[in-house]
Amino acid sequence: MSLAEAPSPSPSSSSGSDDFAALLDSELELASGADSAFPGDPSPASPDTDDEGGDEDEVEDSEEVEVEVLEQHGAKRRRVEEQCQDEGTSIRLDNIGTGPSENVQVEVCPHPGYFGGLCFRCGKPQDEEDVSGVAFGYIHKGLRLGTSEIDRLRGADLKNLLRERKLVLILDLDHTLINSTKLQDISSAENDLGIRTAALKDDPNRSIFSLDSMQMLTKLRPFVRKFLKEASNMFEMYIYTMGDKAYAIEIAKLLDPSNVYFPSKVISNSDCTQRHQKGLDVILGAESVAVILDDTEYVWQKHKENLILMERYHYFASSCRQFGFSVKSLSESMQDERESDGALATVLDVLKRIHAIFFDKAAETDLSSRDVRQVIKTVRKEVLQGCKLVFSRVFPNTSRPQKEMMWKMAEHLGAVCSTDMDSSVTHVVAVDLGTEKARWAVDNKKFLVHPRWIEAANFRWHRQPEKDFPVVPPKEKSRNKVNGLAGQKETETGEDKEENAVTGHEITNDNREENPVAGQKETSNDKKEENAVAGQKETSNDQEGNDVAGQEKDDAKENAVAATATGPADS
């Protein structure tokens with residue numbers, strides 16, 4: 001049996017030069033004991049020739065040759081051992097020759113990754129100055145992979161996913177799948193309603209839980225369990241939160257008690273590679289098949305095309321207060337989203353459509369060359385397709401409408417936006433019935449809608465009934481000129497009443513059982529017509545090309561949530 005034929009373990013299983021030395025020793029013992037001659041002998045010795053009596057000198061010569069060869073192999077082993085210690089290299093055992101003139105082939109280890117500070121291929125310690133690659137601590141503590149290894153794993157994962165007809169789904173926690181609050185932030189109304197008692201009930205179907213170790217309550221969003229079950233048939237799923245690791249793991253246990261959906265796929269703030277940003281660089285899945293569900297857009301600056309923006313889930317009173325809403329929370333109103341047509345049920349239908357289009361057998365392109373980002377873009381453009389919009393006093397006079405977030409949102413939904421009124425216009429978007437464009441819409445029987453109509457379509461991925469988003473008529477202001485001061489006060493009172501009327505309309509729509517979309521809208525604090533768009537930013541949390549002030553505002557929001565509960569940062 002030759003050395004090349006001897007079974008040998010993979011070099012990747014070795015972790016140091018001692019292992020390599022022991023491996024070579026065992027291989028050489030097998031070779032020296034094999035029933036074969038060394039290269040250069042005319043023929044192997046046979047039992048018959050031994051019986052006939054051989055030349056003792058030949059036997060001695062043979063033994064001397066064998067000892068010489070073994071010494072040469074020992075020298076080779078020592079050289080390989082020294083190189084492994086000094087350079088961190090691996091060897092190819094199948095290329096080690098059995099003759100004295102052949103050289104051992106040594107290849108330099110590319111160090112594909114490190115585990116516990118050691119290369120998991122050659123065992124060389126990681127250079128303190130070499131911190132390249134990406135840490136995957138959520139998979140194994142101390143695991144760091146290099147770029148080439150990440151690419152290799154993603155390529156292998158992509159093949160497996162496409163074979164199983166699955167995509168990748170990254171799920172945010174807070175305000176997307178759940179809502180959490182600290183016990184100390186529970187309102188008196190919530191206490192009176194016994195919300196803490198409900199969390200302690202031994203009911204397998206309950207949706208509110210007490211996290212005693214963290215002094216918190218967590219409410220699961222309606223339909224979340226059915227959502228995860230159905231989504232798991234189409235996606236390989238990850239949790240990705242800006243909360244801390246302990247919090248993320250506790251919530252994962254509530255959502256996935258059997259550890260079926262998220263095994264080694266719970267990512268927290270300590271795994272992020274950039275401060276205040278989430279990224280797909282820590283996901284072992286190709287970007288071309290990744291879909292993201294999150295209520296906050298600005299944390300995904302590099303991956304907006306993969307994002308489906310979720311309508312925020314505000315169940316607890318503290319959540320409403322953190323975002324500046326002076327209305328009763330769902331918990332205080334003893335209401336909740338409906339499972340049948342709430343946010344998760346709605347987005348599940350969207351995910352099903354995206355999945356069906358991506359894996360459409362009638363498509364001419366090969367599966368491996370398809371990109372889910374293009375599918376998301378196509379499905380989104382269907383929402384307001386055929387609509388032509390004109391905006392009236394929605395944007396500041398000094399701004400370019402084409403640069404405004406609401407204008408871009410409408411275009412992303414497939415609408416055509418214009419600054420000119422003509423017969424092809426289908427909708428006028430306004431906040432005041434008294435404008436010229438608003439009156440033109442009424443006179444020409446065009447749809448006159450509030451900007452929240454666009455926002456609702458963006459969340460729901462469906463064109464919403466225009467009648468649910470009317471423009472509130474302005475209050476008549478006093479024209480009393482006899483008493484200028486009184487007139488001024490009366491005018492100011494009229495303006496306040498007008499604002500209150502708008503707020504009252506929003507609160508009316510805030511009945512989540514009647515209209516879950518309108519109930520979640522975050523534009524109740526508009527003070528002036530020209531600031532209407534600014535009021536929308538609290539929902540989308542981002543504007544294309546946002547300035548520093550906008551970013552700081554969003555950061556403040558996220559920090560406010562983080563300060564309220566250990567772990568559930570707004571993410």
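There are 18 salt bridges in the structure, each a side-chain nitrogen of Lys or Arg within 4 Å of a carboxyl oxygen of Asp or Glu. This is a predicted model, in which local features need pLDDT of at least 70 and side-chain atom pairs count only at pLDDT 80 or more, while totals for chains, interfaces and linings use all residues. Residues are numbered from 1 along each chain as its sequence is written, and side-chain values use heavy atoms, leaving out hydrogens and water.

Here are some of the pairs:

| Salt bridge | N to O distance |
|---|---|
| Lys 219 and Asp 336 | 2.7 Å |
| Arg 373 and Glu 287 | 3.4 Å |
| Arg 373 and Asp 371 | 2.8 Å |

Lys 219 sits in strand 10 and Asp 336 in the loop between helix 10 and helix 11, so their bridge ties together parts 117 residues apart in sequence. Both Lys 219 and Asp 336 are buried (under 20% relative accessible area; exposed is over 50%, partly exposed in between, with a 1.4 Å probe and protein chains only). Glu 287, by contrast, is partly exposed at 34%, and Asp 371 is partly exposed at 21%.

What about Asp 174, buried or exposed? Asp 174 is buried yet has no salt bridge, and the nearest side chain of opposite charge, Lys 278, is 7.9 Å away.

Now to the nonpolar cores (buried Ala, Val, Leu, Ile, Met, Phe, Trp, Tyr and Cys residues joined through side-chain atoms within 4.5 Å). The largest has 99 residues, and Leu 255 and Phe 391 are among those with the most contacts inside it. Apart from this core lies another, of 10 residues, including Leu 183 and Tyr 313.

Notes. Lys and Arg count as positive and Asp and Glu as negative; His and the chain ends are not counted. Helices (H or I, at least four residues) and strands (E, at least two) are DSSP runs, numbered from the N terminus.
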